[in-house]
Structure formats: structure tokens, C-alpha cells
Amino acid sequence: MSEDGGAGEPLSGDQKREIAVWFLANAPTGEIHYVAKDVRALLGDDAAYEAAAAEAYPEYNKTHLLSLQLPDRSGDVNNHHNLWGD
């Protein structure tokens, strides 16, 4: 922070992207669309948002996958990343 109490230097595009990625990747389950809307508005930089979204969405989707076994055993919905084992 600067001595006069200001916010200091403006953030670079990479810093904005990194912060946006963190917020998007750590959005609560089922809430990423709300977080994304707010992040996009706060950034005010569509290029930085698009880069962050391209990086964060795959990570978010991977960590929020579910592996389900269908009740009639007609098939399984598999977690192809096998994050949780059997």
C-alpha cells in the first residue's frame, strides 16, 4: 500500500486472472454461475475473465464430479477421473 493510504499499484492482467481463477475454482457447489457473474462485473475486463474461466471451469467441474450407481444396476455414471476410488 502506498503511504497516502491509497490502494497502491493497479493489478496486472495476470494478477486479475489469478484472483478470478481462485474465486471461480473455489465457488460453492452449484453457485459458480453467481460467482462468475460477480467476478466478470468486478474485473471489468472480458479478456481477463475469459482466460480465468477457461482455466477455472475444468478444475471446478472436476472437483465437483459425482460418481453414481443406478438403483436398477442398468449402468453406472462413472467418475472417469477416479478421484474417490470404488
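This is a predicted model: local features need pLDDT of at least 70, side-chain atom pairs count only at pLDDT 80 or more; totals for chains, interfaces and linings use all residues.
Biologist: What makes up the chain, read along the sequence?

Modeller: The chain has three helices and two strands, and these follow the pattern α-α-α-β-β.

Biologist: How do you know what span to expect of H1, and what span does H1 reach?

Modeller: The expected span is 1.5 Å times one less than the number of residues; H1 has 13 residues, and its 18 Å from first C-alpha to last is close to the 18 Å expected.

Biologist: Which residues of H1 are called buried, and why?

Modeller: Arg 17, Ala 20, Val 21, Leu 24 and Ala 25 are called buried, because the term applies to residues under 20% relative accessible area. Of the 86 residues of the chain, 21% count as buried.

Biologist: Why do you say that the buried residues of H1 line one face of the helix?

Modeller: Seen down the axis of H1, the buried residues fall within an arc of 120°, so they line one face. Their cover includes helix H2 (32-43) and H3.

Biologist: How do you describe the way in which H1 passes H3?

Modeller: The axes of H1 (residues 13-25) and H3 (residues 46-63) come within 8 Å and cross at roughly 35°, and the crossing is right-handed.

Biologist: What makes particular residues of H1 and H3 count as meeting?

Modeller: Residues count as in contact because they have heavy atoms within 4.5 Å; among those that meet are Lys 16, Ala 20 and Leu 24 in H1, and Ala 52, Glu 55 and Tyr 60 in H3. By class, the contact has 11 nonpolar, one polar and four charged residues.

Definitions and conventions:
Residues are numbered from 1 along each chain as its sequence is written. Side-chain values use heavy atoms; hydrogens and water are left out. Axes are lines fitted to C-alpha atoms, for helices over the stretch in contact, and angles run from 0 to 180 degrees between N-to-C directions. Helices (H or I, at least four residues) and strands (E, at least two) are DSSP runs, numbered from the N terminus. A crossing is left-handed if the near helix is turned anticlockwise from the far one by less than a right angle, and right-handed if clockwise. Ala, Val, Leu, Ile, Met, Phe, Trp, Tyr, Cys and Pro count as nonpolar, Asp, Glu, Lys and Arg as charged, and the others, Gly among them, as polar. Buried means under 20% relative accessible area, exposed over 50%, partly exposed in between (1.4 Å probe, protein chains only). The arc is that of the directions from the helix axis to the C-beta atoms.
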